[in-house]
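Dear colleague,

Please find the structure below, followed by a written account of what was found in it. I would be grateful if you would read the two side by side.

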Amino acid sequence: MPRAADDGAPASEGAGADRRPVTVLFADLSGFTALSERLDPEDIRVLQGDLFQLMASAVERYEGFVEKFVGDAMMAIFGAPVAHEDDPERALRAALAMRERMAALNGRWAGRLGRSLALHTGIHTGPVVAGTLGSTPGAAYAVTGDTVNTASRLQAAAGAGEILASRVTYRLTQHAFEFEAVGDLSMKGKAAPVAAYRLVGALAIPRPARGLEAHGLVARLVGRDEELGQLIAAFQRMLSGRTQVVSLIGEAGVGKSRLQAEFLTKLEAGEHSGKIAVRRANSSSLGEKTYGVLASLLQEAYGVAPDDSLEAARRKLESGLEALDVGAEETARIAAVLGYVLGLGQEETRMRHLEPEQLKRQIFLAARALIEARLEASPLLLIVEDLHWADPASLELLRFLVDRLPDRRLMLLLAYRPTVDAAIVVSSRATHTSIRLEPLSPKDSDALLASLFGPVERCPERLHTLIVERAGGNPFYLEEMVRNLIANGVLVRDGGGWTCTADAAIVDVPVTIRGVILSRLDRLAAVPRRVIQEAAVIGASFDQRLLRMVSGDQASEALLEALTDIELLAEEPQGRSGEGPAPAAGRRYRFTHALVQEVAYENSSERATALEHYEAVLAGCTSTGDLCGQARVNRKLGTLYWAAGDRERALGCFRAGLNVLRGQREHIELAHLYQEMGRLAFRSGDNNRAMEWAERALAQAEHAGRESATAVSETGEETREAAAAVAHAYNTLGVALARLGKMDEAVAHIERSVAVAEKADLLQAVCRGFANLGVLYSTLNPGRAIETCARGLELAKKIGDLAFQSRLYANLAVAYCALTNRCDEKGLCAAQAAVDLDRRLGQLDHLAVPLIVLGQIYQCHGEPERALTHYREALTIAEEVGEPQLLFPCYDGLATLCLEMGDDQQAEHHLLKAQAVCERAGLEPDALAVLPFLD
Ligand SMILES: Nc1ncnc2c1ncn2[C@@H]1O[C@H](COP(=O)(O)OP(=O)(O)OP(=O)(O)O)[C@@H](O)[C@H]1O
Ligand SMILES: [Mg+2]
């Protein structure tokens, strides 16, 4: 079951909503409704039960989560509540299993149904918000986001028995499955067509998932000379007759398999080539049977293939054993036991009557006899890959073997991630060498990229640095970033070489890497998982005492050490001079990888507990005298209080931040604080203040920009931050100008903001600009407005920002209505999409906006009742939020609607209220149409 975390408690449950990539699977049985009209209701009930059982068990087999059954359809998620690094693959395997099992179901039901049934399946991978959404008691775990809609649309497009995957899912799984391209499908509610791929089946021999060979990019082995030397030294010791156990330990993707492969290549090229027997076992993340490692070694040794018949497999095993020349009786004995391990029918029945202890003893002895016989012929190298997924019985067996055969020409090479305790296989009787694979140095990472692409000139320097920095020495991360850049068309093949199509390229965290990291975090028990998320909120490195203030006593030394042991955290060296007040400083820890912090931070559920945490962080910053930290945390707290509806306290926090920084040259932070105050003033209807703060923000931001342009910056981070502040300030000023009715000036400022943001890859700022421009253009040029919103929407989807998506849908609705002047169907769809998103995200202050649009559309369509419902709901929210620009359109809409419905008294009442709001807030008539949509 997917919910089982280490301590049995689902770590994600009850933690509010989190953001994560998942693979969504929709399967549906067409024609069920027609069937239910013909069949006996009792039969229908049983059939439905049968079907649901079939689908749910396939999902659970691959550790997915059945989110819901609707009618005769099922929605399942792979990647939430617990992520695996291969979730897209698991979803496809579950879909295939369902399809296969339908044959049996049809066999059982064909007589009664008179025809066979088939599933229609759609699968898509993308970002969602996951969690127990909504606060009603008993609210179920669910995911929401556009990813769900796309999967559902693919399912609707799939024919009987067909499994359609989106392009993203296809890209992530094509190494292990066969697909047929279906072409572009245009889908209801989607502007751009969606490319679909028909799943044919799983490949018998999957291609490697790692590496970029498919793109013609191959890198030589970089670094690792020392480790290779250690492997060879152990090998030499083994040749002299001393059994060797070598552990290769390192994070996912750091290069264990690669090093092991290079070691083998070296052996094959050397003097011992052909004189050593090499046997390899792989453990699978899908789970291993008892003695899975032994079974895997036997399959390799005797060439037993997964699709061999039992008879063929037995023959292979027996002839292999005969070649060892141990005598007929011994061969028969070993063959029986090993046949059992391989699951060969006859032997299995024969051995099943044994007591468990007796059975284990027989297996151990048979394995030992086999290996001894093998060692008579030549030295033996046993390689066990991914030992972290091996079953406990296999580990015990390996330990038994090295314990009993300490002085042979036997080498056991184990590769595993730091999550397992190797003590279980380490015997005091054989030499054990432990090789920890550290991340590659920046120099080696540079060399790796250069080895892939050739001379560095081909890859712009900034992009090169960005990739190397973000990969943090993990070659798998590095490869995946490159893969993503190729898939997104940023890196394109150009004759014999490669060129980069964007000067300001985006290097975001690919789904594959997120999957690997989230699967580690999700597997932590609830307490360490929460502590890790809280640490991520503080930053990439943190003081232990500060974390304790945030997380309480649960952030104990023991827990931090445990997190250090599994290499999520590392302790920083103590006593670096000149850094902070030394005597007061506690131990410092850092995330071993910046991406782990990033993913943990994004995934953390901020809502319920964030306020408390930040208050504690603030106390920490105050006690250590960290002024900039105090200002930053004050700003964060301010935005959280604002989101929680407490504007007074929000303003108090922003002011406190400004006070702390009085006389300091922290221009960027000052710009951010002024910015927030400007936004707050704007939303409260105080335009003069809004202009004033926005101008101060701009001045500080430009100051910061000038300073960073002259400073020597290694990463360019300061320049980026300054650019973000400038972009933001222009935007806020533009919005304030729009409020004064100065539309041309407003447009010019916001266009400037977008230009700055685009240049510095500030995608969220670009989204914000597009959303605002989309509305400002709509009165002058609706076509351009639609295009701008659509571009913004595409970008918001790309960065997985649901809040922006909802704003852009609402603004798109306005643009559509302006274009046709009669509120068409597309406008309705867009507004409805925004309402749905806001409801799911709990974004109440924005929800009023698309509700108003829906009210206007229904009013225009001559559906007054529906219009009334929407206006009323919008008004309830607007009154709670208290923003004049939301209140005005509600009163105004209700007034005209009541007039149309003949209720003059109510109309008058609303009209007066509308006027009062307008006067109180000094709203300009020109601005009224656009203000609710600006931010
Ligand atoms: N030193 C290196 N030089 C060049 N490429 C490397 C190096 N180390 C790893 N790679 C490449 O990086 C990718 C990831 O490495 P690899 O699969 O060996 O990681 P791993 O540690 O075995 O991960 P996992 O724990 O997931 O099995 C592979 O494509 C590999 O070829
Ligand atoms: Mg590996």
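**The ligand site**

Helix H7 (256-269) and helix H16 (475-487) each contribute at least two residues to the shell around ligand 1; helices (H or I, at least four residues) and strands (E, at least two) are DSSP runs, numbered from the N terminus. This is a predicted model, in which local features need pLDDT of at least 70 and side-chain atom pairs count only at pLDDT 80 or more, while totals for chains, interfaces and linings use all residues. Residues are numbered from 1 along each chain as its sequence is written, chains are lettered from A and ligands numbered from 1 in the order in which they are written, and side-chain values use heavy atoms, with hydrogens and water left out.

There are 20 residues around ligand 1, of which Gly253, Lys256, Ser257, Arg417 and Glu479 come nearest; a residue counts as near if one of its heavy atoms lies within 4 Å of the molecule or strand in question.

Which side chains and backbone atoms make polar contacts with oxygen atoms of ligand 1? A polar contact is a pair of N or O atoms within 3.5 Å; within protein, one must be able to donate a hydrogen and the other to accept it, and residues adjacent in sequence count only if both atoms are side-chain atoms. An N or O atom in the side chain of Ser257 is 2.8 Å from a ligand oxygen. For the side chain of Arg210 the corresponding distance is 2.9 Å, and a polar backbone atom of Gly255 also lies 2.9 Å from an oxygen of ligand 1. On its own, ligand 1 has 630 Å² of accessible area, and the protein covers 94% of it (Shrake-Rupley method with a 1.4 Å probe; for residues, only the protein chains shown count as cover).

**Helix H16**

Twelve of the 13 residues of H16 are buried, that is, under 20% relative accessible area, where exposed means over 50% and partly exposed in between (1.4 Å probe, protein chains only). Among them are Phe476, Tyr477, Glu479 and Arg483. Asn474 caps the N-terminal end of the helix, with a side-chain oxygen 2.9 Å from the backbone nitrogen of Phe476. Just after H16, Gly489 adopts a positive phi of about 75°.

**Strands**

In a regular strand the side chains alternate between the two faces of the sheet. S10 runs parallel to strand S11 (residues 380-385), to which six bridges join it; two strands pair if DSSP finds at least two bridges between them. Arg280 has Ile383 as its bridge partner in S11.

In strand S6 (residues 163-166), Ile163 and Ala165 point one way and Leu164 and Ser166 the other, and all are buried. S6 pairs with strand S8 (residues 194-202) in the antiparallel sense over three bridges, and Leu164 stands opposite Arg198 in S8.

**Two further helices**

A polar atom of its side chain lies 2.6 Å from the backbone oxygen of Val775. Val756, in helix H28 (residues 743-759), is partly exposed, with a relative accessible area of 23%.

With kind regards
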